[in-house]
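Here are my notes on the model you passed along.

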Amino acid sequence: MDRGDLANLTAFIAVADQRSFRAAAARLGVTPSALSHSMRQLEERLGVRLLNRSTRSVSVSDAGLRLLEQLRPAIQQIAGALEDLNQARDRPVGRLRIYATPMAAAAVIASVWQRFLSTYPEVHLELQLGEAPVDIVAKGFDAGVGPQDRVAADMVIVRVMGPMKVAVVGAPSYFAKRSGPRSPDDLARHGCVQYRRSTDGAVFAWPFERNGKSRKISVDGRIMVNAPDLAVRAAVDGLGIAYTIEALAEPFLRSGQLVRVLEDWSPSVEGLFLYYPGHRQVPASLRALIDMIRTTRGSAAAKGLVENPFTAD
């Protein structure tokens, strides 16, 4: 079908309804002569007369009536689809696909998803996790969440979490067997949950900072993971002391499943960002998610931070 056919068929319905080129033209916002030209083009393309017209009146031919009978449901369906789209433009609805690093998913998305989905029952949230930077447009994602160094230069960036305070934690059952560390050097006498950034990456030394002085401590332990949330789980299970961020440890600290140590030595690391392509026509569901995250989490600027051990290569 020629790209002009749909407009001409819509114009034909208007003329058939109004029985007048002048009235139909006013309804469509075009001139009567332009409308008459469109009808001649349509009739020539189809090879049949759709309208009988004289200088005083217009009527629909038999062929035109048969076409009209089949056109009306289709045009009404198209109009309904466009109206549904128009109504959904400002209403969060449909599928929202997010790509996030595991830490960002746990700290940012999981902290609001229950409230988000209950507030917007017509939204379906799909969350896929990965550490590697990906082309979110090519992969069909609406947005990504992660550290700023994972964001492509052409993305719109929104800070969704301010600087993140480190938390060094262990289970009460673990500390029942030995006293907690009072300085980073004391960790040499403890079992720690080690963290490897990737399958073949380096095991990172834990960064600490106090009174403007920074240091890194290499730790040892019987378990090693490559996801911050698993480090927290290992600590909850009494397998050792874990180095994580407050946002992940907070629920377990509140419940008493974890105890915090070395708080005066714990630095802050860079926050997290949500990114998406283009400023125009941002999906209503994505706008709503950004608003909810930003009202839940701080978005202050980062100052005087140590290197983020969970994302550095």
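**Notes on the model**

1. Let's start with Asn8, which sits in helix H1. Keep in mind that this is a predicted model. Is Asn8 buried or exposed? It is buried, because its relative accessibility is 11% and the cut-off for buried is under 20%. Leaving aside residues up to four places away in sequence, Asn8 is in contact with Ser38, Met39, Gln41 and Leu42.

2. On to charges. Side chains of opposite charge can pair when their charged atoms come close. How many salt bridges does a search of the whole structure find? The count is 16, and I'll go through a few of them below.

3. Have a look at Arg72 and Asp17, whose side chains form a salt bridge with an N to O distance of 2.4 Å. This pair links distant parts of the chain: Arg72 belongs to helix H4 (residues 62–88) and Asp17 to helix H1 (residues 5–18), and they are 55 residues apart. Arg72 is partly exposed, at 31% relative accessibility. Asp17 is partly exposed as well, with a relative accessible area of 35%.

4. Arg66 comes out as partly exposed, with 47% relative accessibility.

5. Asp149 and Arg150 make another salt bridge, at 3.6 Å from N to O. The two partners fall into opposite classes here. Asp149 has 55% relative accessibility and therefore counts as exposed, the cut-off being over 50%. Arg150 has 14% and so counts as buried.

6. Now the empty space. Rolling a probe the size of a water molecule over the atoms shows where empty space is left. The whole-structure search turns up one cavity of 30 Å³ or more, and the largest cavity has a volume of about 50 Å³. Which residues line it? They are Tyr99, Ala100, Thr101, Glu131, Ala132, Pro133, Val145, Gly146, Arg150 and Tyr275. Note that Arg150, the salt-bridge partner of Asp149, is in that list.

7. Still with the largest cavity: strand E3 (94–100) and strand E5 (143–146) each contribute at least two lining residues. Sorted by class, the lining has six nonpolar, two polar and two charged residues.

8. Last, the largest pocket, which holds about 250 Å³ of space. Its lining is made up of 14 residues, and the closest to the pocket centre are Ala106, Ala247, Leu248, Pro251 and Phe252. Which helices each supply at least two residues of the lining? They are helix H5 (102–109), helix H8 (228–236) and helix H9 (246–255). The largest share, six residues, comes from H9.

9. One more point on the lining of that pocket. By class, the lining of the largest pocket has eight nonpolar, one polar and five charged residues. If you want to inspect it on screen, you could begin with Ala106, Ala247, Leu248, Pro251 and Phe252, the lining residues closest to the centre of the largest pocket.

Methods
Residues numbered from 1 in each chain as written. Predicted model: local features only at pLDDT ≥ 70, side-chain atom pairs only at ≥ 80, totals over all residues. Heavy atoms only, no water. Salt bridge = Lys/Arg side-chain N within 4 Å of Asp/Glu carboxyl O. Helix = DSSP H or I, 4+ residues; strand = E, 2+ residues; numbered from the N terminus. Buried < 20%, exposed > 50% of the residue type's maximum accessible area, 1.4 Å probe, protein only. Contact = heavy atoms within 4.5 Å. 1 Å grid on protein atoms, 1.4 Å probe; cavity = no way out; pocket = protein on both sides within 12 Å on 5 of 7 lines; lining within 4 Å. Points joined across faces, edges and corners; volume = space filled by probe spheres on them. Nonpolar A, V, L, I, M, F, W, Y, C, P; charged D, E, K, R; others polar.
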